[in-house]
Amino acid sequence: MHVFVTGASGWIGSAAVDELLSAGHEVTGLARSESSADALAARGVRVRRGDLDDLDGLRAGAAEADAVLHLANKHDFEHPEVSNRAERSTVEAITDVLAGSDRPFLLAAGTVGLATGRPGTEDDRAPFVGPDAPRGGSENLALERVEQGVRTVSVRFAPTVHGTGDHGFIAILAAVAKARGVSAHVDEGTNRWPAVHVSDAARLVRLGLAAPAGSVLHAVAEEGVPTRDIAAAIGRSLGLPVTSVPQAEAVAHFGWIGSFFALDVATSSTLTQQRLGWTPTGPTLLQDLDAGAYRV
């Protein structure tokens, strides 16, 4: 199968590309820079230069492929409206091309907002609808396109896709701890973050290419790690004390990520594991932290 991958040189994308190549798939990767293009080509990946603003390029990449894996995101957390607009226009462009073809379209989504008072499941509908919603409401938009013959599969990634080399949320929290001289959690730190090792996430992406249209998959290995345990592990790794920050001061202490770190987003992947035969085998988040994966 020939798979067109946006975000092919990113953290999850790089692991997913390696997983796809090892399974014998042909991959074309979207690359914004010369260095990313060179790195992809060195791994045997076809390169399409462009970015999420190049809608014609995205359409061409989708038209030439047997499946599309959309992992790229602008990740402009200071100006989320920019990321939201780009995400929605990207999904519109790709699904317009795939309409009527029953070709797989896997897109990255998140686990925030699925449920209150219990772990979110694959059967919970994301509450984000419309262009002004987080991610531009792209998950619901893509799932609506199933009726137009697009084999949409939403892959909801844990907020923590961890491993050595990750520059995501946990790396940011570790950097804040180092700058502040203390590793903190919000309030009592009983709110939970789900987690998955990047190798397990990549394997799920590969398996997801065969999932039925309209499937929702949860790339979650740990249903919810208490944030006080995350803060404690960061403190152990960096040799820093651990403290609590009141929720009202979370953004002032952590920056923009403070509002995320205060959320309770426990998420189950029981249905995903049953439906795809996917069993996470990678290290846990705390094991990675204790092994020094985020020592900055």
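Predicted model: local features only at pLDDT ≥ 70, side-chain atom pairs only at ≥ 80, totals over all residues.
User: Switching to helix pairs. At what angle do α3 and α4 pack, and how far apart are their axes?
Analyst: The angle is about 35°, and the axes are 9 Å apart. For orientation, α3 is residues 55-63 and α4 is residues 80-98. The crossing of α3 past α4 is right-handed.

User: Which residues of α3 and α4 meet there?
Analyst: From α3 you have L55, L58, R59, A62 and A63. They meet S89, T90, A93, I94, V97 and L98 of α4.

User: What does that contact look like by residue class?
Analyst: Eight nonpolar residues, two polar and one charged.

User: Now electrostatics. How many salt bridges are there?
Analyst: The count comes to 15, taking a salt bridge as a side-chain nitrogen of Lys or Arg within 4 Å of a carboxyl oxygen of Asp or Glu. One of them joins R49 and E34, at 2.8 Å from N to O. R49 belongs to strand β3 (residues 46-49) and E34 to helix α2 (residues 34-42), so this pair ties together parts 15 residues apart in sequence.

User: Is R49 buried, partly exposed or exposed, and why?
Analyst: Partly exposed, because its relative accessibility is 41%, and that class falls between 20% and 50%.

User: Which residue does D123 pair with?
Analyst: The side chain of D123 meets that of R275 in a salt bridge, 3.7 Å from N to O. That one links distant parts of the chain, 152 residues apart. D123 is in the loop between β5 (104-109) and α5 (138-144), while R275 is in helix α11 (residues 270-276). D123 itself counts as exposed, because its relative accessibility is 58%.

User: And what about R156, what's its partner?
Analyst: R156 forms a salt bridge with E139, and their closest N and O atoms are 2.9 Å apart. R156 lies in strand β6 (residues 151-157) and E139 in helix α5, so the pair ties together parts 17 residues apart in sequence.

User: Are R156 and E139 buried or exposed?
Analyst: R156 is buried, and E139 is buried too.

User: Last topic, β5. How many of its residues are buried?
Analyst: Six of its six, so to speak plainly, β5 is mostly covered.

User: Which residues are on each face?
Analyst: P104, L106 and A108 are on one side, with F105, L107 and A109 on the other, and all of them are buried.

User: And how does β4 pair with β5, parallel or antiparallel?
Analyst: Strand β4 (residues 67-70) pairs with β5 in the parallel sense, over three bridges. There, H70 stands opposite L107 in β5.

Terms used:
Residues numbered from 1 in each chain as written. Heavy atoms only, no water. Axes fitted to C-alpha atoms, helices over the stretch in contact; angles between N-to-C directions. Helix = DSSP H or I, 4+ residues; strand = E, 2+ residues; numbered from the N terminus. Left-handed = near helix turned anticlockwise from the far one by under 90°. Contact = heavy atoms within 4.5 Å. Nonpolar A, V, L, I, M, F, W, Y, C, P; charged D, E, K, R; others polar. Buried < 20%, exposed > 50% of the residue type's maximum accessible area, 1.4 Å probe, protein only. Pairing = 2+ DSSP bridges.
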